[in-house]
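Subject: Handover of a structure

Dear colleague,

Please find below the sequence and structure that I am handing over to you. My findings follow directly after it.

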Amino acid sequence: MASVTYDHVTKQFGNVTAVNDLNLEIKDKEFLVLVGPSGCGKSTALRLLAGLEEITSGNIYIGEHLVNDVPPKDRDIAMVFQSYALYPHMNVYDNMAFGLRLRKTAKPEIDRRVKEAAEILGISPLLDRKPRQLSGGQRQRVALGRAIVREPKVFLMDEPLSNLDAKLRVQTRAELSKLHQRLETTFIYVTHDQTEAMTMGTRIAVLKDGLLQQLDTPQNLYDHPLNIFVAGFIGSPAMNFFPARLLGEDSQVYLQADSFRLKVPAERAGKLVNYRGQEMIFGIRPEDIHDRALASSVSQDAVVKAQVEVTELMGSEVFLYLSTGKQNFTARVEPRTSARPGKPVELVFNMERMHLFDPNTEERID
Amino acid sequence: MKSISRIWSRLPLHLLIIGLALLWITPSLGLLASSLRPARDVLSSGWWTILERPFDLGQFTLENYAAVLNRSGMDRAFINSLIITIPSTILPITLASFAAYAFAWMDFPGRRALFIILVGLIVVPLQMTLIPILRLYNHLGLAGSFLGLWLAHTGYGLPFAIYLLRNFFGALPRDLFESAFLDGASHLTAFFRLALPLSVPALASMAIFQFLWVWNDLLIALVYLGGTPQVAPLTVRVSSLVSSLGQDWHLLTAAAFISMLLPLVIFFALQRYFVRGILAGSVKG
């Protein structure tokens, strides 16, 4: 159990900067998720902490200890690899016991820890099997077990679910959360999947091109994304963006887009005095767009007419793929909707939940 | 229906493979047949004449083998060959696997340059080294000794062995080694507990190569051992049969077949390691 600190950490491979001046404070017992598109440096950040790559500049601390020059085996961390990296010639028991044996743990203690971990993960009947005799899900558990028996200060996981099928992934997600509560250890988890990040993380760090974009709780990240990248990356389907101009005076402030005009709620309008007449990016999440026919209260200033292109029934909801003017966007509405492909539809935007971004800096405007 | 058309479509390929295999094995079969025929038959007709009456066991005899083993000190030569070949196989493979691991998984300055030089050594003809090394051996008193021959074979075998094993070690999944290092393994542990057990197929094929090479070698043995009968291996012995016995073909064939026996046994014993799949299940699903 320990906190982890990245202090101005930079990693360069030749001319490529994989991690750029990363500052992160990960609290003890936290489940921190590093998320971002492929090539954003999240795996590199994890490997720097594991000691598998050397830091170009900056410092990494585990607890109070500076670990820059500490070899991987002395950092007291365990890592679960995307490929699981099980030792193919050893059975499950030996795979899990390998690290403990190298550390000269007493035999009865090894036995106790391996059996306990196997019990937690439900792989007790598989201890004699070789990795090739296991299914993907079972291998993934063995990889977790190998980390658990070590009782490390910090758990590192590099996309551990990406080789599992969709159903197993959802199930394992919940089990990982349970495991975190049970072990009460610091977890650092790397994924490109924003759903995994949202469902498991205590806090989420969003990375892009080696730069930390935002570090916050899942709810704050979702409700107050600091820039267009985070807004578009977190949430599925992704947030809709429209170029728009801020018009009007006093409390009567409007967003004029290509093919529609929406009234900005009075309490938001007050803060936008300095931006009158400026271009900006207007963002709204698909679930904040409703079918007008089903909306309870309708303000005439928040209605947008659009053409339905495709509908996707998900069971409990319907995704509408729409177009207005030259702009495509997505709405997530109730299945009762009468919207049909090729037909026009009237929609209501929930402007209380709008997001505004500066088109040049791409940063949030409040 | 589908399987029948499949057989038809692959028939030409199979015929070609069978034809090639027959072509390659014919000389060996001829050798075996000749070695089992009496001297006068060998001198008067070709080995293929046995095909006229293949089931007549009366035309075969073990006399040639008895004669070779009794008369010409073949037993001593057989043992000498073993004494030369076994260390000359184990030594280079052991050294090469250490070196190959270092080239594949350890970072040190000049790694690439050193490896390129080593690979370059593969193309150096060993004949170029015969005279300088022989002079060195005479100086050191190694000429005519088993030790000298072991060292020579080790030196000649190492570049290729290192090259082959490095490529095999390098193809093992990186995650496995990183996982082992996080588990607390040193390079030595990773070498003995991971790299070696996972490379049994490569080590076995390397062992077969090296064993056959040394077992069949005549040149190096002749040059460095100088034809001393006490230390001469089978190859030297068999070649001296030709000169000392002149036209005794029947004995030569038997002697040659005796020298082929052990390599055949070794090959059949180790060939199952050529089968792939020992890595299955280590990574991914």
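I begin with a strand pairing in chain A. Strand S9 (residues 203-208) of chain A runs antiparallel to strand S10 (residues 211-216) of chain A, and 5 bridges join the two. Within this pairing, A:Leu207 has A:Leu212 of S10(A) as its bridge partner. The two strands make a hairpin in which 2 residues separate S9(A) from S10(A). In that turn, A:Asp209 adopts a positive phi of about 50 degrees. Please bear in mind throughout that this is a predicted model.

Turning to the domains, the assignment for chain A gives domain 1 (4-233) and domain 2 (240-365). The C-alpha centres of domain 1 of chain A and domain 2 of chain A are 39 Å apart. Where these domains touch, domain 1 of chain A contributes 6 residues and domain 2 of chain A contributes 8 residues. On the side of domain 1 of chain A that touches domain 2 of chain A, 5 residues are nonpolar, 1 is polar and none is charged.

Chain A also touches chain B. This contact draws 25 residues from chain A and 21 residues from chain B. On the chain A side, strand S6 (77-80), helix H2 (92-102) and helix H4 (136-148) each provide at least two of the residues that touch chain B. By residue class, the side of chain A that touches chain B consists of 15 nonpolar, 5 polar and 5 charged residues.

Chain B itself contains 13 helices and 0 strands. Its pattern along the sequence is accordingly written α-α-α-α-α-α-α-α-α-α-α-α-α. How does the radius of gyration of chain B stand against the globule rule for 285 residues? The radius of gyration of chain B is 24 Å, whereas the rule gives 19 Å; chain B is therefore more spread out than a compact globule. The C-alpha trace of chain B extends over about 75 × 70 × 30 Å along its principal axes.

Two further values describe the packing of chain B. Of the 285 residues in chain B, 31% are buried. Considering contacts in chain B between residues at least 6 apart in sequence, 79% are made by residues at least 24 apart.

Yours sincerely

How values were computed: Residues numbered from 1 in each chain as written. Chains lettered and ligands numbered in written order. Predicted model: local features only at pLDDT ≥ 70, side-chain atom pairs only at ≥ 80, totals over all residues. Helix = DSSP H or I, 4+ residues; strand = E, 2+ residues; numbered from the N terminus. Rg over C-alpha atoms; globule rule 2.2 N^0.38 Å. Buried ≥ 20, exposed ≤ 12 C-beta atoms within 10 Å, placed from the backbone. Contact = placed C-beta atoms within 7 Å. Domains from an automatic or database assignment. Nonpolar A, V, L, I, M, F, W, Y, C, P; charged D, E, K, R; others polar. Pairing = 2+ DSSP bridges.
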